[in-house]
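Hi,

Here is the structure I said I would pass on. Have a look, and then read my notes below.

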Amino acid sequence: MTEATATARRSRITPEREAELYDAVLDLLREVGYDALTMDAVAARTRSSKATLYRQWGGKAELVAKAVRHNKPGRVGDVDTGSLKGDLHALTMRADDCEMEQSSALMRGLAMAVHGNPDLLKAFREHLIEPEMADFRRVLQRAIDRGEIRADNPAIGFVMHMMIGGFAARTMIDEQPPTQEFLLSYIDAVVLPALGVPAS
């Protein structure tokens, strides 16, 4: 049974209603953080029954992970510009600077919660980390097939680490939120050279 089929059998929540619930969850996360977030609060904010929330998502960790996933602008693997540089730039440009700042603040808070909550870590791996890694592998495989990068380049296994590192380190080191300009420069100066791809 696919995830979509399982969800449909559990509930008749419409996609529009589901999006409203996810938006409310993210708003509450920004307000109180993961540890203080409760299903009661989500139910009250969204005018839902707690039973419906548990039936649909099983618990807080699953709900939060799916809300974060839903908030991401499309799938990485759907981007195909014909070049690796074009793909990485297009992925960066899907979120504007304001959205990046909000995402950065949200992910900083969730990163701390993940380390102390095995259920949240499991949900994040299932719904965010593993799908993103699979999508990035498809992007990189297309670049290999086009002859842009060598299949034996050891940096291939660290592309996700590099991308996440640049995003997270911007605030920690520079005390500024990540921006499109910063990330595009980072891709050209760090990621592409590591993969043997000319930035120009």
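What follows is what turned up in the pocket, the cores and one glutamine.

This is a predicted model, so local features need pLDDT of at least 70 and side-chain atom pairs count only at pLDDT 80 or more, while totals for chains, interfaces and linings use all residues. Numbering runs from 1 along each chain as its sequence is written, and side-chain values use heavy atoms, without hydrogens or water.

The nonpolar cores (buried Ala, Val, Leu, Ile, Met, Phe, Trp, Tyr and Cys joined through side-chain atoms within 4.5 Å; buried is under 20% relative accessible area, 1.4 Å probe, protein chains only) come first. The largest has 27 residues, and V25, L29, Y34, V64, L110, L120 and F124 touch the most other members. At least two residues each come from α2, α3 (39–46), α4 (50–57), α5, α7 and α8 (helices are DSSP H or I runs of at least four residues, numbered from the N terminus). A second, separate core has 21 residues, including V79, I149, M163 and V197.

F124 contacts (heavy atoms within 4.5 Å) V64, A65, V68, M107, L110, V114 and I129, leaving aside neighbours within four places in sequence.

Then there's Q180, in helix α10. Q180 counts as buried because its relative accessibility is 18%. Its side chain reaches the backbone oxygen of A95 at 2.9 Å. Beyond four places in sequence, Q180 touches T92, M93, A95, D96, D97 and M100.

As for the lining of the largest pocket, α7 gives the most, with 12 residues.

Cheers

Methods
Buried means under 20% relative accessible area, exposed over 50%, partly exposed in between (1.4 Å probe, protein chains only). A polar contact is a pair of N or O atoms within 3.5 Å; within protein, one must be able to donate a hydrogen and the other to accept it, and residues adjacent in sequence count only if both atoms are side-chain atoms.
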